[in-house]
Amino acid sequence: VALLGCQSVKSHTRAAVPPGPFPLNAIAQYAGGSFARAPHYLLEYARRYGPIWSFRFFERRIFVIDDADAVRTVLIDKQHSFGKSRMLRLKPVMGEGLLTSEGPLHVRQRRLIQPAFQHSRVAGYGDVIVAEVLRMIDKWGEGVPVDLRAEMLRLTVTITGAALFGTDITAETQNVRAATEELVTVFPRELSLWTGLLNRLLPFRPRPLDAIRKRVDVSLARIISDRRAKDGGDDLLAMLLSAQDDDGGMSAKQVHDEAITLLLSGHETTANAIIWALVMIGFYAPVRERLQAEIVAVVGDATPRYEHVRDLPYTAAVFEETLRLYPPVWAFGRRAAEDLELLGYRIPRGSTVVMSPYVTHRNPRYFADPLAFKPERWLEGDRPPKLAYFPFGGGARGCIGEPFARLEAVLTLATIFSRLRLVPKATTLPDVAPKLTLRPAHPVMMTPSRRGSTRSGIPVKA
């Protein structure tokens, strides 16, 4: 216990460490991968210890923050003082893509890719998104339950292929989805202490992440080859293939790494966000009725378009409130590259600072009635402090695809509910399953219908 560093110090001074759980408790949870399995204890500790708590992980200290100003310091004000921490373990799959690269390489790659997500280009993706959603719901039978997870994953993969890669990747959808499922299942184990020790002791042993990379490589090679065979186009993949700056173009490997990063990380997170939005709409009758009334008033019998989005503020608010309670990226960390201070405590070089949107989005300091699903809070003008709400991260490492994800979600909701309603088969909200992303713990079955449900609202599970 002495080696691990018992924490009974409560004084809020520069020399002290923040309060926190008994070290052996935290070590057992952290070493077993609990950071990748359940955010509930993060929420419990934040309520018990306040805006910053910590524990010692052998020679390194882990700091967990639940404070908007501190999050802003890490992600924006002093972002260059931090590295990517344990997410770098995704490199066997994603190589040196935007999610895992650092330093000058990350800056260069982001500069080359950023034009694909500028307003003028994102607007052009609207018709592609709506066309794929219509293709999906046209296959749904009236009164026949659908599995939302399977449907939304298939949808977001095909949208990524059509909008960002400029090609039909239907033939590769099953393989990409299977690889993503393996990644979501395997990656939490990669975060555990025991896996880290095993990798050091047996560095050449076969690793699951390597097998996932090989599986996706097969599909991506076909996608890139198909895109190279086409002339013209201004989609993201065409941009990657022709990207140039003062240092020349992207290497074939770099194009591959960026494409695999956008393909895997983009569709999984957006799919889960849309699933949770559909769940909340299904269970909250007043929300569903107001949302459908807005969509009918704006879209009518027409097909939703990009131009409709600005006139759908409540639909957008439903998505924002969903991201507040169910952020797909529910926790992430940064490694301190130098000594600095947070909330009055010294953060030594090499320490890890963990932030959890799931926790901070439930903080009553920033959100009144934080466990209630209230989309109208985003329409009332009293916005929370910057970085009290950060479902897409922030700063130079914030999600580059945020504008695309927001458009995809709002147009998907508008298209679905301009045609039908979805009635949940379950009678209670699904539990959360925090893996690489925050997803429902069980399949979500909903029945397409043109008749509304009479179910009343159900409290959100903390």
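Biologist: Of the 462 residues of the chain, what percentage count as buried?

Modeller: The model is predicted, and in it 57% of the 462 residues count as buried. The chain exposes about 19300 Å², with carbon and sulfur atoms supplying 55% of that area.

Biologist: How many helices and strands does the chain have?

Modeller: There are 17 helices and 14 strands. As for contacts between residues with a separation of 6 or more, 76% join residues 24 or more positions apart.

Biologist: Now a pair of helices. At roughly what angle do the axes of α14 and α17 cross?

Modeller: The axes of α14 (residues 285–299) and α17 (residues 402–419) cross at roughly 90 degrees and come within 9 Å. That angle makes α14 roughly perpendicular to α17, since values of 65 to 115 degrees are put in that class.

Biologist: Which residues of α14 and α17 meet?

Modeller: From α14 come Leu291, Gln292, Ile295 and Val299; from α17 come Leu413, Ala414, Phe417 and Ser418. By type, the residues of this contact of α14 with α17 are six nonpolar, two polar and no charged.

Biologist: Next, sheets. In what order do the strands of the open sheet of three lie?

Modeller: Strands of a sheet pair through backbone hydrogen bonds, either parallel or antiparallel. Here the order is β4-β14-β11, and the pairing is antiparallel. β4 (146–147) and β11 are the edge strands, each pairing on one side only.

Biologist: How many bridges link β11 and β14?

Modeller: Four bridges link β11 (residues 421–424) to β14 (residues 445–449), in the antiparallel sense.

Biologist: Along β11, which side chains point to the buried face?

Modeller: Leu422 and Pro424 point to one face and are buried.

Biologist: Another strand, β7: how many of its five residues are buried?

Modeller: Four of the five are buried, so β7 is largely enclosed by the rest of the structure. β7 pairs with β3 (residues 82–83) in the antiparallel sense over two bridges, and Gly83 stands opposite Arg335 in β7. Four bridges also join β7 to β10 (residues 352–355), again in an antiparallel arrangement. In that pairing, Arg334 has Val353 in β10 as its bridge partner.

Biologist: Where is Trp330 found?

Modeller: Trp330 lies in the loop between α15 (313–325) and β7 (332–336).

Biologist: Is Trp330 buried or exposed?

Modeller: The cut-off for buried is under 20% relative accessible area. Trp330 has a value of 3%, so Trp330 is buried.

Biologist: How many residues apart in sequence are Trp330 and Met355?

Modeller: Trp330 and Met355 are 25 residues apart in sequence. In space, their C-alpha atoms are 8.6 Å apart.

Note on methods. Residues numbered from 1 in each chain as written. Predicted model: local features only at pLDDT ≥ 70, side-chain atom pairs only at ≥ 80, totals over all residues. Heavy atoms only, no water. Buried < 20%, exposed > 50% of the residue type's maximum accessible area, 1.4 Å probe, protein only. Contact = heavy atoms within 4.5 Å. Areas by Shrake-Rupley, 256 points an atom, 1.4 Å probe, with all protein chains shown as cover. Axes fitted to C-alpha atoms, helices over the stretch in contact; angles between N-to-C directions. Parallel < 35°, antiparallel > 145°, perpendicular 65-115°, else oblique. Nonpolar A, V, L, I, M, F, W, Y, C, P; charged D, E, K, R; others polar. Pairing = 2+ DSSP bridges.
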